[in-house]
Amino acid sequence: MMTAAIEASGLGKAYRRAWALRDCTLVIPEGHVVGLVGPNGAGKTTLLRLATGMLAPTCGAITVLGQRPAAGLAQLARVGYVAQDTPAYARMRVADHLRLGAWLNPGWDDGLAQRRIAQVGLDPKQRAGSLSGGQRAQLALTLALAKRPELLLLDEPVAGLDPLARREFLRGLMEAVAEHGTSVVLSSHLVTDLERVCDYLIVLVASRVRIAGEVSELLASHHRLAGPRRAPGTLPAGQDVIEQSHTDKQSTLLVRTDEPIHDPAWTVTPVSTEELVLAYMNPANDIPARRPQLGVAS
Amino acid sequence: MIRLTWLQFRAQAVTAAAALAAFAVLLAATGPHLASLYAADGLDSCHGGSSCLSPASYFTGSLSQSPYGVLFLLSTGVILLAPAVIGLFWGAPLIARELETGTAALAWNQSITRTRWLAIKLTVIGLTAIAVTEALCLMQTWWAAPISQAVADGSGAGVAQSRFSQLNFATHGITPLGYAAFAFALGVTAGALIRRTIPAMAITLAIFTALQVAMPLWVRPHLAPPDHTVRPLTSLGGAGPSQTGPGGDIFTLYALNIPGQPGAWVLSSGAVNAAGQPVSTTPAACTSVGGTGVSAGAQGRAFPPGQGPGAFVDCLASHGIREAITYQPASRYWRFQLTETAIYLALALALAGYCFRRLSRLS
């Protein structure tokens with residue numbers, strides 16, 4: 001079996017009063033561009049910061065690429081991280097940031113860094129403090145990519161960007177990932193962005209994994225059924241209702257199943273990634289536990 | 001990482017270098033003239049001993065009226081303030097600003113451990129802090145050498161005080177480097193704990209100031225067990241060793257220096273009776289020496305014409321009253337310097353150690 005990019009069991013992080021992440025158990029596989037999606041406060045940022053070793057867990061365990069986070073130089077070199085708000089040293093020039101990367105990372109790919117800086121149109125002499133949000137994000141991504149990590153963690157990297165900058169950023173990310181085969185875990189609450197770049201999705205709500213799986217499999221196993229009003233309990237075994245809405249005459253269900261839907265009473269339509277994510281994010285929906293091979297926490 | 005530290009520290013280093021240069025120019029421009037004044041007062045040809053006493057007193061006394069007195073205080077102030085400024089502007093932001101601006105996430109996700117990151121930052125900037133402060137101190141020591149020599153030759157007056165005086169002890173020798181190391185480590189620690197630069201600066205300033213006040217008042221006198229001496233009262237004539245402040249039935253006695261112990265640090269002094277017990281009540285026979293409450297302030301006692309304080313002191317002496325003095329001999333100066341510096345360096349190291357522990361669990 002492949003090592004997981006991130007594996008957490010019973011992971012928790014408490015601040016003085018509240019739990020930022022509590023009893024989180026999940027496996028994020030390697031070799032994917034994983035979208036970690038969830039409402040604000042679900043614990044996405046905390047999970048990623050635990051994975052970088054910036055935070056130490058209060059309880060539970062987490063391994064990243066099979067090792068303890070930030071366990072040493074080798075482990076630090078294997079993981080790249082772009083933090084929320086893509087920080088950079090305001091008074092340092094773009095070129096200085098690249099020097100920083102070169103000085104501190106033995107695996108630094110200066111060609112890649114210079115190429116990317118030129119590609120996204122950053123002036124090496126400009127101070128990071130005067131960059132736009134999109135430019136700063138590109139700088140932070142360049143630093144993380146040129147380190148040539150095996151796993152790249154990005155925490156809401158595009159949240160503050162305008163749609164154009166967002167697209168530029170994600171395109172740059174996808175190109176680099178395609179070129180180097182880096183595993184990526186990208187947190188976001190912007191579902192449309194995830195849809196564009198991710199091939200694996202994890203929906204995290206209140207520290208719990210609501211659903212996890214490859215996007216293509218998730219889309220293939222979820223259907224929207226519309227038909228005459230009907231109690232969900234009367235569905236055949238193997239069809240789990242994720243979301244339901246009823247009018248006097250009609251029922252609309254979002255159903256998860258591996259079997260084809262044969263009942264002619266239903267009009268079956270495919271679901272979009274966004275519908276799927278929203279259905280799983282909605283705390284009102286009671287998700288039936290099933291299929292542990294997808295890493296669904298019970 | 002050393003290169004990165006310099007890159008990020010460049011602006012502060014340039015500021016410090018400019019300040020050092022300005023200080024050096026100011027002192028170099030005025031130092032020779034101060035030395036020539038010293039020579040003109042005949043101090044370089046008096047060969048020590050009592051022949052120096054009078055010119056030395058003149059020289060130190062005249063400092064108060066000359067710009068050199070101001071310059072002395074000013075340069076002393078710079079050395080006193082330097083560690084605090086370093087703690088505030090180099091120490092406090094070191095970790096706090098990284099956390100505040102989020103750049104910690106950038107710095108600590110390169111292929112370098114946080115421990116190493118901190119070790120290099122602390123070493124490079126800490127050693128610079130020590131070097132800058134000690135350089136200020138050495139420059140001023142050179143500049144003020146005539147003043148120090150005049151104090152050693154004669155007696156202190158005005159701004160010219162003994163090496164043990166609070167201002168001089170804290171700005172000469174090696175204590176400034178201890179203060180600098182400590183203030184820097186204190187700033188870093190406050191920043192790591194509070195995680196915001198401005199409050200960390202405020203806390204650093206408060207703690208450092210409190211310690212700099214507490215140290216000479218309550219700690220330094222006890223760094224070595226003091227010596228005691230009991231000696232007969234002598235009349236106060238001119239620059240006599242003691243002063244009395246008779247007031248009603250109570251009198252007080254202060255020793256300023258001790259004959260045969262030039263440069264000693266007088267910690268406390270007071271009158272004792274023949275049995276060695278402290279006294280402060282004027283013997284009845286002496287109350288008539290000089291009237292009571294005639295003038296000279298509410299608590300004061302005026303002496304009749306022709307009966308200076310000398311008569312009063314003579315009267316006290318004739319009743320067996322002597323003067324007990326607790327002091328640190330001048331020969332302990334470097335022992336005190338070393339001990340105090342060691343204390344500050346130890347505190348700095350302890351704080352740095354705490355920062356390492358804190359950083360490994362931080363953010």
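Before the first stop, one cut-off: a residue is called buried if 20 or more other C-beta atoms lie within 10 Å of its own, with C-beta atoms placed from the backbone. Also keep in mind that this is a predicted model.

**Stop 1: a loop in chain A**

Select Thr86(A), in the loop between β5 and α3 of chain A. Is Thr86(A) buried or exposed? Thr86(A) has 31 C-beta neighbours inside 10 Å, so it counts as buried. Now check its backbone: phi is positive, about 35°, although Thr86(A) is not a glycine.

As background, most residues other than glycine have a negative phi. Asp85(A) counts as partly exposed because it has 18 C-beta neighbours inside 10 Å.

**Stop 2: the six-stranded sheet**

Zoom out to the open sheet of 6 strands in chain A, which has the order β5-β6-β7-β3-β8-β9 and mixed pairing. Which strands are at its edges? They are β5 (79-82) and β9 (208-214) of chain A, each pairing on one side only. Ignoring direction, neighbouring strands of this sheet are turned by 15° against each other on average.

Now colour β8 of chain A, residues 200-205, together with β9(A): the two pair in the antiparallel sense over 6 bridges. Within that pair, Leu201(A) stands opposite Gly213(A) in β9(A).

Two helices to show against this sheet:

- Helix α5 of chain A (residues 133-146) packs on the sheet, where it touches β5 and β6 (151-155) of chain A; its direction makes about 175° with that of β5(A).
- Helix α9 of chain A (residues 273-281) packs on the sheet as well, touching β3 (33-37), β8 and β9 of chain A, and its direction makes about 25° with that of β8(A).

Stay with Leu201(A) and show its surroundings. Leaving out residues up to four places away in sequence, Leu201(A) touches Gly35(A), Val37(A), Leu194(A), Ala212(A), Gly213(A), Val215(A), Leu218(A) and Val277(A).

**Stop 3: the nonpolar core**

Leu201(A) is also a way into the largest nonpolar core, which has 150 residues. Those with the most contacts inside this core are Leu201(A), Val34(A) and Ile202(A), along with Ala180(B), Ala181(B) and Phe184(B). Next, highlight helix α3 of chain B, residues 67-101: the largest share of the core, 15 residues, comes from there.

**Stop 4: the three-stranded sheet**

Back in chain A, find the open sheet of 3 strands in the order β2-β1-β4, with antiparallel pairing. β2 (19-29) and β4 (59-64) of chain A each have a single partner strand, so one side of each is left without a neighbour in the sheet. The twist averages 15° from one strand to the next.

Pick out β1 of chain A (residues 4-14), which 5 bridges join to the antiparallel β4(A).

**Stop 5: where the chains meet**

Show both chains: 17 residues of chain B are in contact with 23 residues of chain A. On the chain B side, α1 (2-40) and α4 (104-107) each supply at least two residues. The largest share of that side, 3 residues, comes from α1(B). By class, the side of chain B that touches chain A has 7 nonpolar, 8 polar and 2 charged residues.

**Stop 6: a helix pair in chain B**

Chain B has 12 helices and 5 strands, and 38% of its 363 residues count as buried. Select α1(B) and helix α5 of chain B (residues 114-143), which pack at an angle of about 5° with their axes 9 Å apart. The two helices are therefore roughly parallel to each other. Residues making the contact include Phe9(B), Leu20(B) and Phe23(B) of α1(B), and Val124(B), Leu136(B) and Trp143(B) of α5(B). By class, this contact has 18 nonpolar, 4 polar and 1 charged residues.

**Last stop: His222(B)**

Finish in the loop between α9 (197-219) and β1 (227-232) of chain B, the place of His222(B). His222(B) counts as exposed because it has 10 C-beta neighbours inside 10 Å. Draw a C-alpha to C-alpha distance from His222(B) to Gln328(B): they are 106 residues apart in sequence and 9.6 Å apart in space.

Notes
Residues numbered from 1 in each chain as written. Chains lettered and ligands numbered in written order. Predicted model: local features only at pLDDT ≥ 70, side-chain atom pairs only at ≥ 80, totals over all residues. Pairing = 2+ DSSP bridges. Helix = DSSP H or I, 4+ residues; strand = E, 2+ residues; numbered from the N terminus. Axes fitted to C-alpha atoms, helices over the stretch in contact; angles between N-to-C directions. Contact = placed C-beta atoms within 7 Å. Nonpolar A, V, L, I, M, F, W, Y, C, P; charged D, E, K, R; others polar. Parallel < 35°, antiparallel > 145°, perpendicular 65-115°, else oblique. Buried ≥ 20, exposed ≤ 12 C-beta atoms within 10 Å, placed from the backbone. Core = buried A, V, L, I, M, F, W, Y, C linked by C-beta atoms within 7 Å.
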